[in-house]
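Visitor: Could you take me through this structure? I would like to begin with the ligand.

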Amino acid sequence: MGIRTDTGHITKDETRQELKKPPLYRVFLLNDDYTTMDFVVSVLEKVFHKKTVEATQVMLHVHKNGKGLAGTYTREIAETKIATVHTLAREHEFPLKCTMEKE
Ligand code: TYC
């Protein structure tokens with residue numbers, strides 16, 4: 001069954017469109033001995049939009065375990081977050097590093 005359009009063509013009754021979900025990437029912060037805890041918390045607040053309590057929890061997890069999840073994004077957004085973190089770190093002369101892994 002179908003519906004006749006203004007051009008005379010027959011279209012499906014249901015025009016449900018399947019949109020493929022893009023691959024997601026986890027962005028991790030890595031621990032080091034030099035970046036200050038306050039700077040890492042401020043990065044998690046400003047770049048990853050965490051509230052102070054969660055930003056502090058993530059920072060402490062990274063400090064203790066070596067790495068921790070900052071957020072999950074599509075590829076281009078993940079790449080931009082990482083570039084922003086590395087630029088901010090360089091500006092403040094901290095060696096803070098960030099990586100991404102496909103989910
Ligand atoms: N280990 C750092 C310190 O003791 C703190 C730190 C936490 C650094 C998380 C990086 O991603 C990091 N000052």
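Guide: The questions below concern the ligand and its surroundings in this predicted model.

Visitor: Which residues are around the ligand?

Guide: The residues around the ligand are L30, N31, D32, T35, M37, V40, M59, V62, H63 and L96. Sorted by class, this shell has six nonpolar, three polar and one charged residues.

Visitor: What lies 2.8 Å from a nitrogen atom of the ligand?

Guide: One answer is a polar side-chain atom of N31, at 2.8 Å from a ligand nitrogen. For D32, a polar backbone atom is 2.8 Å from a nitrogen atom of the ligand.

Visitor: And where is H63 relative to a nitrogen atom of the ligand?

Guide: A polar side-chain atom of H63 lies 2.9 Å from a nitrogen atom of the ligand. As for cover, the ligand on its own has 350 Å² of accessible area, and the protein covers 89% of that.

Visitor: How many residues line the largest pocket, and which lie nearest its centre?

Guide: The lining consists of 13 residues, and N31, D32, T35, V40 and H63 are the ones nearest the centre. Two or more lining residues come from each of β3 (24-30), α1 and α2.

Visitor: Which element gives the most to that lining?

Guide: That is α2, with three residues in the lining of the largest pocket.

Visitor: Finally, how do the lining residues divide by class?

Guide: Seven residues of the lining are nonpolar, four are polar and two are charged.

How values were computed: Residues are numbered from 1 along each chain as its sequence is written. This is a predicted model: local features need pLDDT of at least 70, side-chain atom pairs count only at pLDDT 80 or more; totals for chains, interfaces and linings use all residues. Side-chain values use heavy atoms; hydrogens and water are left out. A residue is near a molecule or strand if one of its heavy atoms lies within 4 Å of it. A polar contact is a pair of N or O atoms within 3.5 Å; within protein, one must be able to donate a hydrogen and the other to accept it, and residues adjacent in sequence count only if both atoms are side-chain atoms. Accessible areas come from the Shrake-Rupley method with a 1.4 Å probe; for residues, only the protein chains shown count as cover. Ala, Val, Leu, Ile, Met, Phe, Trp, Tyr, Cys and Pro count as nonpolar, Asp, Glu, Lys and Arg as charged, and the others, Gly among them, as polar. On a 1 Å grid over the protein atoms alone, a cavity is a set of points where a 1.4 Å probe fits but cannot get out, and a pocket is an open set with protein on both sides within 12 Å along at least five of seven lines; lining residues have an atom within 4 Å of a point. Helices (H or I, at least four residues) and strands (E, at least two) are DSSP runs, numbered from the N terminus.
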